Structures are given as structure tokens and as C-alpha cells.
Amino acid sequence: MGLTAVRKLDEARTNGARVMGRVATRALDIGRKVRSRKEKTAAESAAPRFRLENVSGLVYRLVNAGPVTASDIVIEPGEATGLRLGRHLPTADKPVTLGPDEDHRLILAIAPSNGSTRPTLRIHCSELDEPCTVRVTPPA
């Protein structure tokens with residue numbers, strides 16, 4: 001093998017090592033991002049989630065649909081166009097605690113609206129950094 005062929009072989013090995021190094025670094029970055037997303041998803045799934053269901057007429061039930069207990073729950077109006085807060089509403093003076101799949105019944109009155117804005121409630125609890133917003137469906 002001539003001297004030129006040996007140099008070309010060395011250059012090819014060096015270039016191959018650089019390319020493989022970049023590929024390995026990229027693979028590590030992708031792995032870190034995937035792990036970060038999984039950790040974030042796991043943390044979010046371990047938080048309370050709420051849904052509001054109409055039971056009958058003005059009676060609604062707030063359900064903790066998440067896998068963990070929600071404590072110190074307080075409800076306040078969100079976009080409350082046409083919404084009057086009724087009885088049995090958890091307030092700062094009387095917060096409630098709901099375990100997974102537990103519910104709290106409350107009474108809400110919804111005035112007829114032009115349909116442009118649906119009323120919402122903001123639900124605060126100790127386990128959430130930001131309040132959860134749920135839509136108030138009209139009575140059936």
C-alpha cells in the first residue's frame with residue numbers, strides 16, 4: 001500500500017470517528033429529551049384533574065378524575081357570562097377535599113346567553129400550581 005493510500009485510509013477513519021461522534025451526541029440529546037417528556041407526562045398524570053357533570057337541572061357534580069387526592073379545593077367563576085354561583089360551592093372559608101373518583105355536588109344557575117361565551121369555573125387546589133378551568137354545560 002502506498003503512502004497516499006495510507007493517508008486516505010487514516011483520513012477516512014478520522015472522518016468516520018467524527019461522524020460517529022456527532023451521531024452518538026445527537027442520540028444522547030434525543031434520549032434526554034424523551035426522558036424529560038416522560039418525566040413531565042408522569043408528573044402531570046399524577047395530578048388532580050377535574051370534570052363538571054350536570055346531574056339534573058341546576059345540580060352539578062365536580063369530580064376529581066385524577067389519580068391523587070385534591071385538597072383545599074376552592075371554586076371561583078371563570079368566564080361566567082350568565083352564570084350565578086349557587087349553593088354548596090367550595091370557598092376559601094369552606095374548602096373541600098376530593099379523593100380520586102370522588103365528587104362534590106353543587107348548584108349553579110345559568111342564565112340564557114347568546115351562545116358566544118360558555119361559562120367556566122376555575123378550580124384551585126393545593127396540588128396544582130395553576131387553577132384548572134372547566135366548562136359549565138347547560139342543564140339537560
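Guide: Happy to. Strand β3 (residues 70–77) is joined to β5 by two bridges, and the two run antiparallel. Strands here are DSSP runs (E, at least two residues; helices are H or I, at least four), numbered from the N terminus, and two strands pair if DSSP finds at least two bridges between them.

Visitor: Before we go on, what sort of model is this?

Guide: This is a predicted model, where local features need pLDDT of at least 70, side-chain atom pairs count only at pLDDT 80 or more, and totals for chains, interfaces and linings use all residues. Residues are numbered from 1 along each chain as its sequence is written, and side-chain values use heavy atoms, with hydrogens and water left out.

Visitor: Good. Which residues in β5 are the bridge partners of A70 and I73?

Guide: A70 has L98 as its bridge partner, and I73 has V96.

Visitor: And how many bridges are there between β3 and β7?

Guide: Four bridges, again in the antiparallel sense, with β7 covering residues 120–124. One of the partners there is L121 in β7, which bridges to P77.

Visitor: So what is the strand order in the sheet?

Guide: The order is β5-β3-β7-β8, an open sheet of four strands with antiparallel pairing. β5 (96–98) and β8 (132–135) stand at the edges with a single partner strand each, so one side of each has no neighbour in the sheet. From one strand to the next, the twist averages 40 degrees (axes are lines fitted to C-alpha atoms, for helices over the stretch in contact, with angles from 0 to 180 degrees between N-to-C directions).

Visitor: New topic: what is the phi of D72?

Guide: Its phi is positive, about 55 degrees, although D72 is not a glycine. Most residues other than glycine have a negative phi. D72 lies in strand β3.

Visitor: Is D72 buried, partly exposed or exposed?

Guide: D72 is partly exposed, with a relative accessible area of 44%. Buried means under 20%, exposed over 50%, and partly exposed in between, using a 1.4 Å probe and protein chains only.

Visitor: Where does D101 lie, and what is its phi?

Guide: D101 is in the loop between β5 and β6 (103–110). Its phi is near 65 degrees, a positive value in a residue other than glycine. At 60% relative accessibility, D101 counts as exposed.

Visitor: Last one: where is D93 found?

Guide: D93 sits in the loop between β4 (83–85) and β5, and counts as exposed at 75% relative accessibility. Its C-alpha atom is separated by 8.9 Å from that of V74, 19 residues apart along the chain.
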